[in-house]
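Please consult the sequence and the model while reading.

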Amino acid sequence: MIDWKLYGDRFARICNEWDKAEKDIKLAEQVSHKVVFPSIKELRYAGRRIVEALNGLNDDATDDDIQKLLEDAEYDCHRARHDAIDAATAKIAYDIEIAVSKLGYDPILRAFSKFSELRRKLNLVRAKITESRGDRENREAIYSVIEVTDFQEIVDLFAEFQENEPVMKGLAKSQRRRTALSYSIGIASLILAVITLIIA
């Protein structure tokens with residue numbers, strides 16, 4: 001029989017962290033359009049430790065053993081959230097850099113006026129992630145701040161960015177056509193000038 005006075009709070013925290021991890025994993029999957037396997041593995045480890053703790057309660061394991069398993073399960077949920085946020089922000093950064101290199105800033109800014117905001121917020125989050133790597137003690141606190149204040153907003157902005165990509169591509173194509181036409185006219189004018197000089 002589980003002594004909920006001893007373990008109830010810990011199980012409640014694990015459930016809360018598990019739910020947050022599933023939300024972040026789903027957001028990351030929506031961004032990358034694929035399963036975030038590192039996060040899924042971490043939840044699998046958390047589940048295994050929960051089962052081991054429950055088995056330990058039936059097998060009269062020590063309180064220290066049970067608490068350690070449940071603490072590990074909670075940390076596994078944290079790591080699942082961290083991995084999901086890392087995967088999503090890395091994918092967003094990659095996609096917008098590819099868009100800039102292929103389309104240029106002008107079509108992007110004309111089609112999506114919030115691009116600078118998206119990039120600024122993304123850079124701030126990635127700086128916090130980098131900071132967390134050197135601050136193990138506060139890593140969970142840093143990711144919690146990212147999750148609460150930044151992550152959903154960045155995902156929403158990126159979704160808007162993606163919705164406007166067809167317009168960006170159309171503007172970039174028109175801009176390339178105009179550039180090519182100007183270049184052709186310039187070459188033709190130069191050739192005509194050379195021919196005129198030769199004839200004269």
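With the side chain of which residue does the side chain of Arg81 make a polar contact at 2.8 Å, besides Glu140? The partner is Glu17, at 2.8 Å, where a polar contact is a pair of N or O atoms within 3.5 Å; within protein, one must be able to donate a hydrogen and the other to accept it, and residues adjacent in sequence count only if both atoms are side-chain atoms.

The model is predicted: local features need pLDDT of at least 70, side-chain atom pairs count only at pLDDT 80 or more, and totals for chains, interfaces and linings use all residues. Residues are numbered from 1 along each chain as its sequence is written, and side-chain values use heavy atoms, with hydrogens and water left out.

Arg81 lies in helix H3, helices being DSSP runs (H or I, at least four residues) numbered from the N terminus. Arg81 counts as buried because its relative accessibility is 0%, the cut-off being under 20% relative accessible area with a 1.4 Å probe and protein chains only. The side chain of Arg81 also makes a polar contact with that of Glu140, at 2.8 Å.

Glu140 belongs to helix H6, and its side chain makes a further polar contact with the side chain of His82 (2.8 Å). Beyond four places in sequence, Glu140 is in contact (heavy atoms within 4.5 Å) with Glu17, His78, Arg81 and His82.

At the level of whole elements, H3 (residues 63-103) and H6 (residues 139-163) pack at about 35 degrees, their axes 10 Å apart. Axes are lines fitted to C-alpha atoms over the stretch in contact, and angles run from 0 to 180 degrees between N-to-C directions.

Key:
Helices (H or I, at least four residues) and strands (E, at least two) are DSSP runs, numbered from the N terminus. Buried means under 20% relative accessible area, exposed over 50%, partly exposed in between (1.4 Å probe, protein chains only).
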